[in-house]
Amino acid sequence: MDIDLTLETKEGRRPLLFHYTKMVNAGFTGKNQEEVRHHLTELAEKGIEVPDTTPTLYPVVIRALSTDSAMEVFGDETSGELEYVLFVKSEDEVYVGVGSDHTDRNLEEFHIPRSKQICPNIASKTVWPLDEIKAHWDSLTMRCSVLKAGESTLYQEGELGLLLNPSELITFVKEKIEGPLDGTIIYSGTFKMLTDDFIFADHFSGELVDNKLNRRIKFSYDVVPLNYMKI
């Protein structure tokens, strides 16, 4: 499949048609694996299925990728997760965007891989060449806010140094996938929420910030439940 993106470089912006054949969502990719295990314990106490080992990797149907400003969801217990996104044209040509692994939290309690298929993966329309940012990667920051019933909440915020970097993430993915990663989209996994629990929001907005090159990538989307009929 193909997706229309905008490539932003130090020299300017141009259209980018990216062809992809695989998409995967990584999970529990924090550099501090002790903190990750603590988080797993918290999830297990809530009745959520957790993996035996971390990091983890889940395949996602490629038609579940979207850059739209709204998504339809089934039910009212879904929420987003802020992640950086790698668009791997080849191992020598990788682009970086930001997005959300939107997840059905009810289904997640029973089967995490299935919960990744029912909601779209949202991605920013703008991407940067990895080569332009990998030297100062750890200083890049991501943050997101959610809007629920008119009230805005800062939901996640942190430096990318908290997560596996692209080289580490690609190495991990290569251990799980046979053959070259050409045409693969990789969602990075996320860091912890700033709230005590999930917020099943009406709107999600996030950004990737590069203070060294004085630029940022933003994206946002509305969450639209399928509530127009009785079931």
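1. Glutamate 157 counts as partly exposed, at 36% relative accessibility. Here buried means under 20% relative accessible area, exposed over 50%, and partly exposed in between (1.4 Å probe, protein chains only). The side chain of glutamate 157 meets that of arginine 143 in a salt bridge, 2.9 Å from N to O. A salt bridge is taken as a side-chain nitrogen of Lys or Arg within 4 Å of a carboxyl oxygen of Asp or Glu. Glutamate 157 belongs to strand β14 (residues 151–159) and arginine 143 to strand β13 (residues 141–148), so the pair ties together parts that are 14 residues apart in sequence. Helices (H or I, at least four residues) and strands (E, at least two) are DSSP runs, numbered from the N terminus. Arginine 143 is likewise partly exposed, at 24% relative accessibility.

2. A word on the source: this is a predicted model, in which local features need pLDDT of at least 70 and side-chain atom pairs count only at pLDDT 80 or more, while totals for chains, interfaces and linings use all residues. Residues are numbered from 1 along each chain as its sequence is written, and side-chain values use heavy atoms, with hydrogens and water left out.

3. In the whole structure the count comes to 13 salt bridges. Side chains of opposite charge can pair when their charged atoms come close.

4. Which distant parts of the chain does the pair of glutamate 91 and lysine 174 link? Glutamate 91 sits in the loop between β8 (82–90) and β9 (93–101), and lysine 174 in helix α4 (residues 166–176), 83 residues apart. The closest N and O atoms of this salt bridge are 3.2 Å apart. Both ends are partly exposed, glutamate 91 at 44% relative accessibility and lysine 174 at 40%.

5. Glutamate 108 and arginine 105 form a salt bridge with the closest N and O atoms 3.1 Å apart. Because they are three residues apart in helix α2 (residues 105–108), about one helical turn separates them.

6. The largest nonpolar core has 49 residues, of which Leu86, Met142 and Leu208 touch the most other members. Such a core is a set of buried Ala, Val, Leu, Ile, Met, Phe, Trp, Tyr and Cys residues joined through side-chain atoms within 4.5 Å. Apart from this core lies another, of 17 residues, including Leu16, Leu65, Ala123 and Val127.

7. Leaving out residues up to four places away in sequence, its contacts include Leu82, Tyr84, Val98, Leu160, Leu163, Phe191 and Leu208. Contact means heavy atoms within 4.5 Å.

8. How many disulfides does the structure hold? It holds zero, a disulfide being a pair of cysteine sulfur atoms within 2.5 Å. The sulfur of cysteine 144 is 16 Å from the closest cysteine sulfur, in cysteine 119, which is too far for a bond. Both cysteines are buried: cysteine 119 has 3% relative accessibility and cysteine 144 has 1%.

9. On the surface, Phe74, Ile118, Tyr228, Met229 and Ile231 form a nonpolar patch with about 650 Å² of accessible area together. Patches are made of residues with over 30% relative accessible area and no salt bridge; like charges are joined within 9 Å, and nonpolar side chains (Val, Leu, Ile, Met, Phe, Trp, Tyr) within 5 Å. Accessible areas come from the Shrake-Rupley method with a 1.4 Å probe, and for residues only the protein chains shown count as cover. Phenylalanine 74 is in the loop between β6 (70–73) and β7 (78–79) and is partly exposed, at 49% relative accessibility.

10. Some backbone details remain. Threonine 54 and proline 55 are joined by a cis peptide bond, with omega about 0 degrees; proline 55 lies in the loop between α1 (33–45) and β4 (56–59). Alanine 149 is not a glycine, yet has a positive phi of about 50 degrees. It is in the loop between β13 and β14 and is exposed, at 71% relative accessible area. Asparagine 214, also not a glycine, has a positive phi of about 55 degrees. Asparagine 214 is in the loop between β16 (203–210) and β17 (215–225) and is exposed, at 70%.
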